[in-house]
Amino acid sequence: MVRMRPPLLLTAALLALWTVALVTGDYTYTDTHQDRADDSNTGGHRDTQSDSGIDVPPKEFLPETQTDTYDQHPDTNPDSHPNSHPDVHEHPDSHRISSGLMQCGEYSNEVLPNGQCRVTATLPQLQRQHCPDMFRCTDEVSYWLQENQERKQQLQDLQETISQLQEELRSHRHRIKVLELQGEERNNVNESLEERFRVLELQYAEADSLLHTHSSILFDLQTQVRNLTMTVERVKRNPGCMINIVRTSPLLSAQEALHPEVQHVRNCPIDCASLYYNGVYRSGVYTVVPSLSSHPVEVYCDMDTEGGGWTVFQRRQDGKVNFNRGWQDYKEGFGELRSEYWLGNEHIHHLSTQGDYSLRIDLEDWTHHHKHAFYQSFSIEDEENHYRLHVSGYSGTVEDSFSWYHDKQDFSTPDTGDICAEISHAGWWYHQCFYANLNGVYYKGGRYSSKAKTLLGPDGVVWYSWKDSDYYSLRKTSMMIRPRTFRPRLSP
């Protein structure tokens with residue numbers, strides 16, 4: 001400890017006693033001073049005592065109950081302390097200093113061997129005070145933590161509600177879309193009904209026209225029956241007399257203008273073009289009577305392609321009909337008019353030679369590409385001349401593989417001894433052997449090989465220039481004719 005000057009020692013002692021008095025509230029302290037010589041005799045140091053005579057224990061040994069010890073001179077008047085304890089005995093060489101229990105602690109005194117008095121004051125243990133600010137802060141933190149947790153839960157509930165609302169919104173949008181589609185379907189149904197009504201009106205008009213035509217045909221047939229009956233009677237009466245019945249009708253003026261070189265002997269449609277001029281504009285199967293034939297024949301009329309009026313005499317589309325047939329079948333015809341068929345060489349001869357006719361050939365491959373070839377002039381001769389072909393005047397969207405090689409060739413079938421017909425398994429106008437063979441074997445998928453067991457050469461539905469190959473078989477073909485002077489009606 002550093003030595004202090006006497007006035008400073010006194011000041012420190014008084015401050016210490018004043019502090020004790022403030023704590024206890026009642027304590028009065030009287031101090032006796034030692035000579036400065038004593039200080040000098042000690043060499044400036046004392047054991048466990050300050051310059052004022054108060055023992056100061058080390059801080060690490062102080063108990064929770066704080067005890068302050070003061071040294072007092074023996075001549076200090078013990079009665080001067082108002083709160084001295086009555087039971088404390090005096091030291092033989094000093095006045096009595098009393099000690100007693102106080103409100104805030106207790107104190108005592110004793111005389112030391114060196115003649116000094118030691119006053120010991122025990123301060124009460126301070127009660128631990130609750131820190132309002134600290135605990136209020138803790139409470140507020142706890143409160144806000146709880147509030148934060150509640151807000152998180154509310155936020156989670158809100159997110160779930162939003163998800164539900166979004167799902168309901170998607171559901172409502174889907175429902176609206178369904179309703180819109182249903183509305184469009186209703187509109188389409190209404191439009192379909194209107195279109196159907198228009199089609200029915202057109203069909204009614206065509207049926208009415210056909211009814212009128214058929215009535216005229218029936219009337220004409222009845223007249224012919226009467227005339228034939230009269231002719232038979234006359235022949236019976238005079239066998240050497242042959243009568244040619246030639247009768248014209250004002251109803252045939254349009255047909256006579258269409259074919260001025262033909263003198264009509266009956267009021268019948270001679271082809272699909274004459275049906276078209278009589279008001280039939282719908283494709284289908286109809287009965288016609290070629291002017292050079294006395295027999296009616298059913299034909300399929302194409303009223304849609306390039307203005308209509310076409311009489312179809314050949315069609316391939318699915319391979320359901322076998323075209324490997326003999327001469328008689330090709331002469332009379334075979335197949336189904338609404339599917340695959342050959343009309344018959346005799347009928348084709350009568351149709352194509354009653355006027356100037358053009359030919360159209362439509363082709364389609366297995367990738368649904370469509371092309372056509374058009375020939376300005378077409379006809380075939382009669383059976384006596386082997387239904388020889390006459391075709392010329394090419395134009396179209398596919399390179400010609402027909403007229404330049406097959407024109408003026410006779411028709412042949414496998415049973416006529418023609419080697420090309422036998423190899424190709426069909427009837428056609430062969431010429432060593434073909435560049436076009438639309439009546440050949442139907443190969444699904446188009447590609448076929450010459451390495452088949454019974455195949456001596458190409459025999460498919462071939463149009464050579466389509467793929468520059470004899471080994472590609474087409475998917476669809478059709479051959480149809482109409483008068484060269486045909487003109488379609490103008491659209492209303």
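This is a chat about side-chain contacts in a predicted model.

User: Start with disulfides. How many are there?

Analyst: The count comes to two disulfides. This is a predicted model, so treat every value as computed from it.

User: Which cysteine does Cys272 bond to, and how far apart are the sulfur atoms?

Analyst: Cys272 bonds to Cys301, with the sulfur atoms 1.9 Å apart. The angle about the S-S bond is -80 degrees, and the link is left-handed.

User: Are Cys272 and Cys301 buried or exposed?

Analyst: Both Cys272 and Cys301 are buried.

User: And which residue pairs with Cys420?

Analyst: Cys433 does, again as a disulfide, with sulfur atoms 1.9 Å apart. The Cys420 and Cys433 link is left-handed, at -80 degrees about the S-S bond. Cys420 is in helix α9, while Cys433 is in the loop between α9 and β13 (436-437), 13 residues apart.

User: How accessible are Cys420 and Cys433?

Analyst: Cys420 is buried, at 7% relative accessible area. Cys433 has 21% relative accessibility and counts as partly exposed.

User: What's the pairing pattern in sequence order?

Analyst: Numbering the bonded cysteines along the protein chain gives 1-2, 3-4.

User: What about Cys117 and Cys268, buried or exposed?

Analyst: Cys117 is buried, with a relative accessible area of 1%. Cys268 also counts as buried, at 3% relative accessibility.

User: Switching to rings. How many aromatic pairs?

Analyst: A search of the whole structure finds 29 aromatic pairs. One of them is Tyr330 with Trp342, edge-to-face, 5.8 Å centre to centre and 65 degrees between the planes. Tyr330 lies in helix α6 (residues 327-332) and Trp342 in strand β9 (residues 341-342), so this pair ties together parts twelve residues apart in sequence.

User: How buried are Tyr330 and Trp342?

Analyst: Tyr330 has a relative accessible area of 0% and is buried. Trp342 is buried too, at 1%.

User: What geometry does Tyr330 have with Phe411?

Analyst: Tyr330 and Phe411 form a tilted pair, 5.4 Å centre to centre, with 55 degrees between the planes. Tyr330 is in helix α6 and Phe411 in the loop between α8 (403-406) and α9 (419-424), so the pair ties together parts 81 residues apart in sequence. Both Tyr330 and Phe411 are buried.

User: Which ring does Arg325 lie over?

Analyst: Arg325 lies over the face of Phe334, 4.4 Å from the ring centre.

User: And Lys467? Which ring is that one over?

Analyst: Lys467 lies over the face of Tyr472, at 5.1 Å from the ring centre.

User: OK, salt bridges. How many?

Analyst: The structure holds twelve salt bridges. Among them is Glu147 with Arg151, at 3.1 Å from N to O. Glu147 and Arg151 are four residues apart in helix α3, so about one helical turn separates them.

User: How accessible are Glu147 and Arg151?

Analyst: Glu147 is buried, at 14% relative accessible area, whereas Arg151 is partly exposed, at 44%.

User: What's the closest N and O distance for Glu167 and Arg170?

Analyst: The closest N and O atoms of the Glu167 and Arg170 salt bridge are 2.6 Å apart. Glu167 and Arg170 are three residues apart in helix α3, so they too are separated by about one helical turn. Glu167 is partly exposed, at 46% relative accessible area. Arg170 is partly exposed as well, at 47%.

User: Which residues are linked in a network of salt bridges?

Analyst: Glu306, Arg360 and Asp362 are linked in one. Arg360 counts as buried, at 8% relative accessibility. Asp362 is buried, with a relative accessible area of 9%.

User: Last topic, the surface. Which residues form a nonpolar patch?

Analyst: Leu155, Leu158 and Ile162 form one, with about 270 Å² of accessible area together. Leu155 lies in helix α3 (residues 132-237). Leu155 is partly exposed, at 47% relative accessible area.

Notes: Residues are numbered from 1 along each chain as its sequence is written. This is a predicted model: local features need pLDDT of at least 70, side-chain atom pairs count only at pLDDT 80 or more; totals for chains, interfaces and linings use all residues. Side-chain values use heavy atoms; hydrogens and water are left out. Rings of Phe, Tyr and Trp (its six-membered ring) pair if their centres lie within 6.5 Å; planes under 30 degrees apart count as stacked, over 60 as edge-to-face and the rest as tilted. Helices (H or I, at least four residues) and strands (E, at least two) are DSSP runs, numbered from the N terminus. Buried means under 20% relative accessible area, exposed over 50%, partly exposed in between (1.4 Å probe, protein chains only). A charge sits over a ring if NZ of Lys or CZ of Arg is within 6 Å of the ring centre and within 35 degrees of the ring normal. Patches are made of residues with over 30% relative accessible area and no salt bridge: like charges are joined within 9 Å, nonpolar side chains (Val, Leu, Ile, Met, Phe, Trp, Tyr) within 5 Å. Accessible areas come from the Shrake-Rupley method with a 1.4 Å probe; for residues, only the protein chains shown count as cover. A salt bridge is a side-chain nitrogen of Lys or Arg within 4 Å of a carboxyl oxygen of Asp or Glu. A disulfide is a pair of cysteine sulfur atoms within 2.5 Å.
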